[in-house]
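This report covers side-chain pairing and RNA contacts. The sequence and model come first.

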Amino acid sequence: MRLSQYFLPVLKENPAEAQIASHRLMLRAGMIRQSSAGIYSWLPMGFKVLRKLENIVHEEQVRAGHIPMLMPTLQSADLWRESGRYEDYGKEMLRITDRHGRDMLYGPTNEELITDIFRNAVGSYKELPLTLYHIQWKFRDEVRPRFGVMRGREFLMKDGYNFDVTKEAALHAYNRHMVSYLRTYERMGLQAIPMRADTGPIGGDYSHEFLVLAETGESEVFYDRAVIDLKLGDREVDFSNVDECQDIFDEFTNPYARTDETHDEAAYNAVPEERRMSARGIEVGQIFYFGTKYSDALNAAVQTPDGKQVPVHMGSHGIGVSRLIGAIIEANHDDKGIIWPEGVTPFHVGIVNLKQGDSATDAACDQLYHGLVAQGLEPLYDDRDERAGTKFASMDLIGLPWRLTVGPRGLGNGVVELTNRRTGDSEEMSIEAAIDRVSQIYVGKT
RNA sequence: CGGGCUAUAGCGCAGUCUGGUAGCGCGUUCGUCUGGGGGACGAGAGGUCGCAGGUUCAAGUCCUGCUAGCCCGACCA
């Protein structure tokens with residue numbers, strides 16, 4: 001993409017309403033604009049990152065054997081009356097009346113709807129296990145939306161639901177989600193620590209939340225520093241293998257890690273003192289096993305081999321996709337702007353033309369640009385007629401992890417400059433070598 | 001939902017106390033010079049001062065009501 005033909009309205013100054021880094025930077029980098037309290041438009045740059053995260057979530061869900069679908073944002077109130085949550089959910093649920101006077105609502109989550117779909121289509125144990133998920137906009141009418149997309153009213157969430165005949169099978173689904181979520185966050189360049197959680201209004205017995213450590217996090221967390229060293233890495237996982245998933249679950253949940261909601265002073269004090277850590281964290285996902293809570297309420301049962309009807313065991317699992325962008329920026333920025341992890345960057349590399357209009361420099365930039373595109377990469381070429389400082393400042397702000405700087409001085413020696421946004425380290429090399437280097441960096445990361 | 005604050009050009013702000021031609025910086029448009037970290041000079045464009053009433057010869061400024069947004073607390077992907 002050529003910047004001169006893109007839509008990237010960057011702001012030089014901090015908007016007054018933005019208090020935390022991710023909110024400020026998303027506004028300044030032209031990713032979002034507020035439409036009303038807690039509701040945002042996603043401008044091209046923000047939309048691009050959102051789609052990248054969605055893709056990662058999809059890939060990892062499918063890898064774990066879960067099946068994508070799509071449910072509507074608007075739901076009928078009837079189902080929610082049936083589960084009893086129409087009253088329980090309170091004012092956070094946006095209620096709407098259609099022209100016929102029917103009560104509708106903008107879905108804050110989808111347990112009822114998915115269970116309804118399930119009960120109407122599945123009657124036999126033979127069709128289980130089954131895990132369905134979708135990525136859809138949700139609406140929760142927060143009393144006080146804040147921090148940009150971190151606590152919006154409208155937000156994009158991946159929510160999934162598993163249906164199993166037995167508790168054991170459902171707990172395997174729980175573990176499978178634990179593993180696939182860990183992988184998902186790692187691919188995004190995030191460390192999200194699973195912590196024992198409250199089950200909240202969704203209810204149930206087992207729940208873990210995934211927290212990204214950040215000073216601006218809304219939750220207070222306590223953990224054993226040993227969890228920081230845990231990495232799933234690129235190990236091959238067989239998601240159908242119960243023991244393997246259980247082992248990974250144990251590995252990641254054995255060290256003490258809890259939020260203030262479930263914090264247990266005695267257990268925490270059992271951790272060696274030098275490893276006891278407390279910090280703040282951003283919640284970027286949560287998994288639940290809630291047994292037959294919804295299948296009982298909504299009468300979702302399957303027939304077993306011996307002819308009995310049994311309510312299915314269920315769980316639900318969510319990742320706040322739009323919130324993740326905020327969390328990634330909170331964890332990856334400096335005073336100049338964002339620093340995207342390579343797995344989620346909106347463009348792979350920026351090209352800065354230091355002397356727009358100079359025929360040799362323009363030609364070198366074009367060569368780089370086309371060479372990178374030919375390698376399957378997406379460069380962002382700043383071809384505006386701006387001075388070097390302005391271009392550098394824009395690039396730093398939007399945070400592409402790599403920058404190629406092209407100017408007459410370097411070209412005189414036959415080189416361009418490749419700079420790492422995070423470290424600031426630069427290296428000079430020929431155009432061909434630069435194309436090759438950048439492609440190498442992104443092997444396995446696009 | 002309790003407490004505090006704000007609303008003036010695309011963004012950041014002054015002007016309101018003490019009513020009298022709506023301003024500054026950045027951005028933006030045109031031109032010239034410039035060209036390796038937000039450059040210089042010159043000339044422009046851009047505002048029903050959040051909305052509705054009221055007081056007054058006259059309201060951005062005073063009064064009343066409303067709306068929207070932000071911050072702190074109680075709640076949540």
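Glu 82 is partly exposed, with a relative accessible area of 39%. This is a predicted model. Glu 82 forms a salt bridge with Arg 119. The closest N and O atoms of the two are 2.8 Å apart. The pair links distant parts of the chain. Glu 82 sits in helix α3 (residues 77-83), Arg 119 in helix α5 (residues 111-121), and 37 residues separate them. Arg 119 is also partly exposed, at 24% relative accessibility.

## Further salt bridges

The count comes to 27 salt bridges. One of them joins Lys 138 to Asp 159, with the closest N and O atoms 2.8 Å apart. Lys 138 lies in strand β7 (residues 130-139) and Asp 159 in strand β8 (residues 154-164), so the pair ties together parts that are 21 residues apart in sequence. Are these residues buried or exposed? Lys 138 has 1% relative accessibility and counts as buried. Asp 159 is buried as well, at 2%.

Arg 275 forms a salt bridge with Asp 224. Here the closest N and O atoms are 2.7 Å apart. Arg 275 lies in the loop between α8 (265-269) and β13 (276-291), and Asp 224 in strand β11 (residues 219-224), so the bridge ties together parts that are 51 residues apart in sequence. Arg 275 is partly exposed at 31% relative accessibility, whereas Asp 224 is buried at 5%. Salt bridges also form a network: Glu 59, Glu 60, Arg 63, Arg 183 and Arg 187 are linked in it.

## Aromatic pairs

The structure holds 15 aromatic pairs. One of them is formed by Tyr 174 and Tyr 206. Its geometry is edge-to-face, with 6.2 Å centre to centre and 65 degrees between the planes. Tyr 174 lies in helix α6 (residues 167-187) and Tyr 206 in strand β10 (residues 206-213), so this pair ties together parts that are 32 residues apart in sequence.

Tyr 174 is buried, at 3% relative accessibility. Tyr 206 is partly exposed, with a relative accessible area of 34%.

## Charges over a ring

Which charged ends sit over the ring of Tyr 86? One is that of Arg 81, 4.6 Å from the ring centre. Another is that of Arg 95, 4.5 Å from the ring centre.

## The surface near the RNA

RNA strand B is surrounded by 46 residues. The closest are Ala 37, Arg 151, Glu 283, Arg 387 and Asp 396. Of the RNA strand B atoms that come within 4 Å of the protein, sugar and phosphate account for 43%. By class, this surface has 12 nonpolar, 14 polar and 20 charged residues.

A polar backbone atom of Ala 16 is 2.8 Å from a phosphate oxygen of RNA strand B. An N or O atom in the side chain of Gln 34 is 3.4 Å from a sugar or linking oxygen. The elements that give two or more residues to this surface are β1 (32-36), β8, β13, α12 (388-398), β21 (402-406) and α13 (408-412). Which of them gives the most? Helix α12 does, with 7 residues.

Definitions and conventions
Residues numbered from 1 in each chain as written. Chains lettered and ligands numbered in written order. Predicted model: local features only at pLDDT ≥ 70, side-chain atom pairs only at ≥ 80, totals over all residues. Heavy atoms only, no water. Phe/Tyr/Trp six-rings, centres within 6.5 Å; stacked < 30°, edge-to-face > 60°. Helix = DSSP H or I, 4+ residues; strand = E, 2+ residues; numbered from the N terminus. Buried < 20%, exposed > 50% of the residue type's maximum accessible area, 1.4 Å probe, protein only. Lys NZ or Arg CZ within 6 Å of the ring centre and 35° of its normal. Salt bridge = Lys/Arg side-chain N within 4 Å of Asp/Glu carboxyl O. Near = heavy atom within 4 Å. Polar contact = N/O pair within 3.5 Å; in protein donor to acceptor, adjacent residues only side chain to side chain. Nonpolar A, V, L, I, M, F, W, Y, C, P; charged D, E, K, R; others polar.
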